[in-house]
Number of protein chains: 2
Amino acid sequence: MSANNTQFSIAIHLMAGLGYGVRSDITSTDLASSVNACPSFVRRILSKLSKAGLVRTMRGKSGTCQLARPADDITLLDIYEAVDAPKVFAVHAYPAQSLCPVSCGFKPMIDHVLEKAQISFEETLTETTLADVITEIKKGT
Amino acid sequence: MSANNTQFSIAIHLMAGLGYGVRSDITSTDLASSVNACPSFVRRILSKLSKAGLVRTMRGKSGTCQLARPADDITLLDIYEAVDAPKVFAVHAYPAQSLCPVSCGFKPMIDHVLEKAQISFEETLTETTLADVITEIKKGT
DNA sequence: ACATATTGTTACCCTAAAAGAAACAATATC
DNA sequence: GATATTGTTTCTTTTAGGGTAACAATATGT
């Protein structure tokens, strides 16, 4: 859709699909049709989730995907880290002008600010579990 | 550099340059050389800061830029809002599959999650003023 | 009045990241 | 051994961000 990374959002969708509970034999194609994205792309994200230990996948005929842990033991931060999503804001990376004190002192300062903001963002993510997400989806529909 | 938006980071740099205090007759070209970006791009960001009332600019010969308010009365959130930086994470925008409850209930849920994370991120930004930023730059150099 | 130096805005191009898509390898089931 | 799945690679397409230049708008100074 855009040049913005939506993998975190999609990953939450996938996890919610797996944890929703209607069926237990869900394939990447099923998930792809729920997300409305191409199966290949979904499998790429699913593979990350699998490597992070959030999802158990089974290859071969009648292969399926399942949550590796109970939904209330998975936070949004777990998912965020699994897909290796980009930071909340990017820092420009121009070479510092050695004559300019602002240019020289900028990098350490902005890194510090970014880190603080990032941590605060991630803390919010730990406050919501996949179980919460699923509950809210069921409520909203 | 990347497909990520660095205008927020650059805007902080510009504001710090204006508030640093070495000179009061700073032009967009001066700022551009400090940031190491092209003047035109800097002016585009500067223009946003001006429209947001954070910077006073003067056109014409010997035109300059100045902070419109004291640095301790400007927070990072002011700057963030001025440049209209992107949200902390993007939500995928595929059409919902009407047959799938997860697909249908997903949007309101993720919007809620995003809003919470966004607010928490922005609160962190209010905790740091431009004066803090400048102090830290001076300390670091 | 006119030349000049600045900000403000627009338009266009280039690049890099994200996503779509297809092909194929690896693997398990029947 | 046929088949259906996940896993991985590769290529293409799309899109947003940024680089750049040109010019409009505006104020200063001579």
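Predicted model: local features only at pLDDT ≥ 70, side-chain atom pairs only at ≥ 80, totals over all residues.
Trainee: Which part of Gly60(A) lies 3.1 Å from a base oxygen of DNA strand D?

Mentor: Arg59(B) uses a side-chain N or O atom, 3.2 Å from a sugar or linking oxygen of DNA strand D. For Gly60(A) the atom belongs to another category: a backbone N or O atom.

Trainee: Which element gives the most residues to the surface near DNA strand D?

Mentor: A residue is near the strand if one of its heavy atoms lies within 4 Å of it. Helices are DSSP runs of H or I with at least four residues, numbered from the N terminus. Two or more residues come from helix H3 (39-51) of chain A and from helix H3 (39-51) of chain B. The most, five residues, come from H3(A).

Trainee: How many residues surround DNA strand D?

Mentor: By class, the surface has nine nonpolar (Ala, Val, Leu, Ile, Met, Phe, Trp, Tyr, Cys, Pro), eight charged (Asp, Glu, Lys, Arg) and 15 polar residues (the others, Gly among them). The closest include Ser28(A), Thr6(B) and Ser40(B).

Trainee: What kind of axis relates the two copies?

Mentor: Superposed by least squares on C-alpha atoms of residues with pLDDT of at least 70 in both, chain A can be laid on chain B with an RMSD of 0.2 Å by a turn of 180 degrees and a shift of 0.0 Å along the axis. The copies are thus related as by a two-fold rotation axis.

Trainee: Which residue of chain A comes closest to the rotation axis?

Mentor: The distance is taken at C-alpha and comes to 2.3 Å. The residue is Val88(A).

Trainee: What share of the contact residues of chain A recur in chain B?

Mentor: Contact means heavy atoms within 4.5 Å. The same surface serves both copies, and the recurring share is 96%.

Terms used:
Residues numbered from 1 in each chain as written. Chains lettered and ligands numbered in written order. Heavy atoms only, no water. Polar contact = N/O pair within 3.5 Å; in protein donor to acceptor, adjacent residues only side chain to side chain.
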